[in-house]
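Hi everyone, thanks for making time this morning. Let me bring the model up on the screen, and then I'll walk you through a few places in it.

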Amino acid sequence: MRTISLELALMIMAAASVHSQGNNTIRSETKIVLVDAVVTDKKGYVHDLTAKDFEVFEDDKKQAITSFSSETDPGGASKAQTHYMMLLFDDSSMDNSEQRRARDAAIGFVQANAGPDRMIAIVNFHGALQVVQNFTDDAVRLKTVLAGGAPFAPSISGGAPDLTSTASLGAGTLFLAVRSLARNLASAPGRKTLILFSTDSRLRPQEHVAEINAVLDACNRANVAIYGIDTSGFVASPTGFDGRVGVPPGSLRGNPGFGGLDCNPRFTPTGCPQSSADADSSGNQQAGLRMLSAGSGGFVINNTNDLAGGLERIGKEQSEYYLLGYTPPDSPEGSCHRLRVKVDRGGTAVRARAGYCNERSNNALAGSSIEKELESLPISPPGGRNATLEAPFFYTSANFARINLAMEIPLRKLKTEKEHSKMRTTVHVLGIAHRPDGSAAARFSENVGLAFDDEKRLAAFLAAPFHYENQFEIVPGSYTLDVAYDAGDENRGKVETPLTVDPYQAEQFALSGLALSRQYGPASDPGLHTDAMWTADRTPLISQGMRVVPSGSNRFAKSDAPAVYAEIYEPLLGAPDPKVAPDARVALAVGVRIRVIDLKNGEQKLDTGLLSVTLPATPGGRAIPTAKRVPIESLGPGSYRIEVEASDTAGKSARRTADFEIE
């Protein structure tokens, strides 16, 4: 018997060979992309295909297949790999009878599939992830948990990392929970399976477009196939689905009115959507499971009460795929590519993951001469045409925070090179958070590529500061954050700012740092590049379907319509006590109050009073993202302080401040 937790899953496998010649060592590295393909015809699974029957396309360009094996072949290469399967129960969408029926069916699946080469984990979602059983081949233990026995999640053998680390403050939505699990499965080799039990009609995917696309990117990156099981027995097919999610016009809404946040038309290139009522009968709202499954290479079990039979089909498919390998063309770090598999046989259908991404390093300049040059740059004096920096923090778990760094970097002339009809250049960035003793607590670096069609586009880009964002994680403490940049010639400098992150525990009512913004709109708006944030493994700031882009400068023009984003951490939103009846639980409400103080004389210029905050639709997640407009129309030029105070009906409160200026 073995019990392990999630480790890595290689999407791009690096095979290194070493040859010694005297004192010289020659090392060669070959990258291989592995693609699993399930092939069926009207009779069922197709078993007699060879490598010559397949074609693999990356970004619509045919690739030479360099390796081939069949899972049905007892001698196949994948037979030596352990198969990882996860059972994820979306309790937030299922009633008690559906939850019990799903787990009863899963008991039979465990009995038939758990074994030395098939490790199974059990995870619940109720607004937050709860790992009730780490990966194990112990069928008795798994069935005990599914039957309602005490969770075994803390039991880890062999010093392996704890899978429960994926469950922090709560994913907020099921889609972000699935993304988190897929990312944690990324290091386990081979094809992984995530079986999602949910009531599909309650998922409302049109309200979470960016999150669903993020899930598909994470699954394709980690080679995770999602198999959806609709416990309600009903699902409607989306039309024209191609692995990415579309949104019907007007289906996204903001929170209009004073204090609420909706679309800012000045910075939303596609315009602001019109409000519309919920259309519960819409097929687009009832297709979440099919979208996730189709986009990741799995399938959906729906329109049936025979959940056990559906699980049997899923279990059988774990031994019914071909594994194709090819050497990909060179491409930039962090780039993502479309995959397509064809079979040269009539009457067949193929399912495979839709893409893969090159891994992105969070310290691309490590050990380079550029890194040393950036680190040695002097601190630029504030003001003038020098860069500005803001670095609000957001807790991701107890005593752990994510820094959402934003900069505005004025660039003068840029030296570009012509490549593939584009004018290209690179901005090098290095960030270091120093402890009081000077040692580095966190570090990141990257090469930011810029491309322009012509001189006119380049001139338009240089007319405004370059907006740069990055993220890194750090433990609470007091630091000095230095960020240096170099775009050549006169375009280099270093900005320094103090960074303080307060301690935080899960049972504590708390408030994050404050992110001020002049650019926001629907998360689905392509002009806000939300999808690019997700695929870069970064977390955009989203509240009620609206993305808030943190500003790198808290200096606003009188005509701006700034917003403030923060996250409230409410311990009373933790997993509900099953022994307490829902109607006996005390009603909880959370609100925020915004004040603006004139720093010159201490006079209060604005007080919004208590504004209501929308709580998560499902219980369990402790983090409540909120975004509110800051009406500055009546304020004159000068320096101000914004104060945000969050409070709940249990009498708890927390407060944060940030300084800003009006030109």
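Let's start just after helix α2, where G148 takes a positive phi of about 110 degrees. Do keep in mind that what we're looking at is a predicted model.

Staying with α2, which covers residues 139-146, the buried residues are A139, R141, L142, V145 and L146. Viewed down the helix axis, those buried residues fall within an arc of 165 degrees, so they line one face of α2. As a reminder, an α-helix has 3.6 residues a turn, so residues three or four places apart point the same way. At the start of α2, D138 has a side-chain oxygen within 3.1 Å of the backbone nitrogen of V140.

Now let's step back to the whole protein. There are nine helices and 38 strands, and of the 663 residues, 52% count as buried. If we take contacts between residues at least 6 apart in sequence, 74% of them join residues at least 24 apart. The accessible surface is about 29,300 Å², with 50% of that belonging to carbon and sulfur atoms.

Which residues touch the most other members of the largest nonpolar core? In that core of 46 residues, they are L405, M407, Y468, F472 and L481. Take L405: leaving aside neighbours within four places in sequence, its contacts include L389, F444, Y468, F472, L481 and V483, and also E390 and E469. There is a second, separate core of 33 residues, with A121, V123, F125 and V131 among its members.

Finally, the rings. The structure holds 17 aromatic pairs. One of them is F54 with Y322, a tilted pair at 5.2 Å centre to centre and 55 degrees between the planes. F54 sits in strand β5 and Y322 in strand β14, 268 residues apart, and the pair links these distant parts of the chain. Both F54 and Y322 are buried.

Then there's Y84 with F135: the ring centres are 5.3 Å apart and the planes are at 75 degrees, so this pair is edge-to-face. Y84 belongs to strand β8 and F135 to strand β10, so the pair ties together parts 51 residues apart in sequence. Y84 is buried at 14% relative accessible area, and F135 is buried too, at 0%.

One last stop: F393, Y395, Y504 and Y569 are linked into a cluster by ring pairs. Thanks, everyone!

Note on methods
Residues numbered from 1 in each chain as written. Predicted model: local features only at pLDDT ≥ 70, side-chain atom pairs only at ≥ 80, totals over all residues. Heavy atoms only, no water. Buried < 20%, exposed > 50% of the residue type's maximum accessible area, 1.4 Å probe, protein only. Helix = DSSP H or I, 4+ residues; strand = E, 2+ residues; numbered from the N terminus. Arc of directions from axis to C-beta. Polar contact = N/O pair within 3.5 Å; in protein donor to acceptor, adjacent residues only side chain to side chain. Core = buried A, V, L, I, M, F, W, Y, C linked by side-chain atoms within 4.5 Å. Contact = heavy atoms within 4.5 Å. Areas by Shrake-Rupley, 256 points an atom, 1.4 Å probe, with all protein chains shown as cover. Phe/Tyr/Trp six-rings, centres within 6.5 Å; stacked < 30°, edge-to-face > 60°.
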